[in-house]
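Please look through the model shown here and work out how its parts are put together.

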Amino acid sequence: MTTQKQGFLQSLWDFFCSLKLSISLLIGLALVSIIGTVIPQAPSIPEEYIRSLSQTKLQLYDKLGFFDMYHSWWFILLLYLLTVNLVACSIKRLPRVWKIVSEPNLIFDEGLERSLSLTRDLKLKGDAASLKDKLTGFLSSEFATPVVTEQNGEIHLFAQKNPWCRLGVYVVHLSIIIIFIGALIGSFYGYKAYVQIVEGSSVSAAQGRNDKMVDLGFAVKLEKFSVSFYNTGAPKEFKSILTILENGQPVPGYVNIPVVVNDPLTYKGFTFYQSSYGPASEGGTFYFTMRERKGGAPVRVAAHQGDMVQLPGGRTMRVVESTQDVSPVIPQLSGPAARVEVHAPGKQPESFIVFRNYPELDAERGGDLIFTYDGSDEKFYTGLQVAKDPGVWVVWLGCTLMVVGIIMAFFLSHKRLWVRIAANGRVVVGGSASKNQPAFQGAFETLVDKMEKL
C-alpha cells in the first residue's frame, strides 16, 4: 500500500516536473489568449456582434466563458497549473545548479581534467611557489581573481566569471509566477467597465460586468468629440477630449485631455480607453439658409431631425436624415450632408440632399427654393472602456525580472578556469563555459598563450 502511494506521489511529482507539461500549458494559454483577443470581451461587446451569432453559438460561447475569457475558471486553472509546474521544476533542478554556483570544484584533479574538453599542459619556468604568484596575478588581471588551494603537494587555482547567470532561468520562472500573481490580483480585485458620455455631459459611474454599476469616485466630462475618415469611408481617427472633475471642479492637469485609440487617459488607477462612438439619441439642431430662386432675401432655418418647420409661402420642410461624412454613400463628395423633404401646397413632397461643403450644388437641382446647409450642433457620444487593475505594478515587476532573467540566461556565460601546479613545476590548465563554447575556446587559447610567455 505504502509502495503504491509512493509510486503515485512520485508519478505526480514527475508529471508536474515535466517539460512537456510546461509546453502544453503555454500552448493552452496562447490559445485562450487568442480566443480572448478575437472574441469581444464583456462588458463592451457590440450589439451587432451578439446579433451576428446564432442562438446555439451564443449559448455555447457563454457557457465556455468566451465572453469573459480572462475570468473563466479554466483560464485561471491553466495559470495555477503552470505556476505549480514552474515551482516543481525549480525545486527539482535548482539545488544542483545552486551547488555549482555556491560550491565550485576548487581541486583540479585528473578526473575533472578528463571531463573537460579544453586542457593544456604548459612548461613554465620557476618553482611551484613562484608560479603560483605569477599565475595568480595573471588570472586576476586577465580573467578573475582565483581561489588558491593546496592539496597533496599540488597547488590548485580556480577562477570563474558570471556564475550567477546559471540562475537566470529560475529568475525567469520567478518572473512568470509574479506576473501570474499580478494577473490574478487584477482578475480578483480589478475590473473592466464601459461608459457612454454625450458631448458636454459628464458621468461618475460605469457599467461593469453583469450590468453592475461601478462608482468612479469622480466625474469624467466629454468636452468634445471628433472623427475623421479615410476616402473609403472607414473611420480614420476618433478622438475624445476629456476633463476630470472632482466635486464638480476640473482637476488641474486633467483638463481637455485628448484620448484616442491606443492613447488612453489614466486617473487614480482608472484607465479610459477610446472604444466606440455614435450620434447621441437626443439629436441636435440643423441650420440651413434658404432663398427663392426668383430673388429675395435669404432666410435662416433651424430644424430638429424629424420636426416639420414652417417656411415662407405656406411651405414646410423637415430633416429626414443626416451624416457627418457623405463619402461612404457618395464617394466623389465628402463632409456633412442632410436629406430634407419640402412640402409645398398642391405639390408632391420633394426630397433632396444638401451638402455643407458644396453649397452651389443645390442651385443645379432646379427647384423654386435653393438651400445651403450651414451645419448642425448634433452631438455625439463617446464609448470608453474603463479598466482598473491593481495588479499592474506587480505585472511590471515580473516583466522587469523577466528581462533580467533572460539576459542572465541567454546573454551571459559561466566561464571557469582551473590551473594545477605540480611540485615538479608541471602546469595544467583547463576551462569550460556554460554557453558559446567556440567563443570561449578562442579566449581560452589566448589566455594560455599569454601564460606560456610568463
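Predicted model: local features only at pLDDT ≥ 70, side-chain atom pairs only at ≥ 80, totals over all residues.

Q: Which strands stand at the edges of the open sheet of 5 strands?
A: The order of this sheet is β1-β21-β20-β3-β2, with antiparallel pairing, and its twist averages 20 degrees from one strand to the next. An edge strand has a single partner, so one of its sides is left without a neighbour in the sheet. The strands in that position are β1 (118–123) and β2 (147–151).

Q: Which helix packs on this sheet, touching β1, β20 and β21?
A: The strands touched are β1, β20 (415–421) and β21 (426–433), and the direction of the helix makes about 5 degrees with that of β1. The helix, which spans residues 437–452, is α10.

Q: Which residue of β21 stands opposite V419?
A: β20 and β3 pair in the antiparallel sense over 7 bridges, and L157 stands opposite V419 in that pairing. β20 is also joined to β21 by 7 bridges, again running antiparallel. In β21, the residue opposite V419 is V429.

Q: Is β20 largely enclosed or largely exposed?
A: Burial here requires a relative accessible area under 20%. In β20, 6 of the 7 residues are buried, so the rest of the structure leaves this strand largely enclosed.

Q: Which residue takes a positive phi in the hairpin of β20 and β21?
A: This hairpin has 4 residues between its strands, and the positive phi is near 90 degrees. The residue that takes this phi is G425.

Q: Which residue is the bridge partner of M290 in β13?
A: An open sheet of 3 strands has the order β13-β12-β18, with antiparallel pairing, and β13 (299–304) and β18 are its edge strands. Strand β12 (residues 285–292) pairs with β13 over 6 bridges in the antiparallel sense. In β13, the bridge partner of M290 is V299.

Q: With which side chain does R315 make a polar contact of 3.1 Å?
A: R315 lies in the loop between β14 (308–310) and β15 (316–323), and it counts as buried because its relative accessibility is 15%. Leaving aside neighbours within four places in sequence, R315 is in contact with residues including H343, P345 and D368. The side chain joined to that of R315 by the polar contact of 3.1 Å belongs to E292.

Q: How does the aromatic pair of F352 and F371 count: stacked, edge-to-face or tilted?
A: F352 in strand β17 (residues 350–355) and F371 in strand β18 (residues 369–376) are 19 residues apart. F352 is buried, with a relative accessible area of 6%, and F371 is buried at 1%. The ring centres are 5.6 Å apart, with 50 degrees between the planes, and the pair is tilted.

Q: What separates the C-alpha atoms of Y80 and Y373?
A: Y80 is in helix α5, where it counts as partly exposed because its relative accessibility is 43%. Not counting residues up to four places away in sequence, Y80 touches L184 and F188. Y373 is 293 residues from Y80 along the chain, and the separation of their C-alpha atoms is 62 Å.

Note on methods. Residues numbered from 1 in each chain as written. Heavy atoms only, no water. Pairing = 2+ DSSP bridges. Helix = DSSP H or I, 4+ residues; strand = E, 2+ residues; numbered from the N terminus. Axes fitted to C-alpha atoms, helices over the stretch in contact; angles between N-to-C directions. Contact = heavy atoms within 4.5 Å. Buried < 20%, exposed > 50% of the residue type's maximum accessible area, 1.4 Å probe, protein only. Polar contact = N/O pair within 3.5 Å; in protein donor to acceptor, adjacent residues only side chain to side chain. Phe/Tyr/Trp six-rings, centres within 6.5 Å; stacked < 30°, edge-to-face > 60°.
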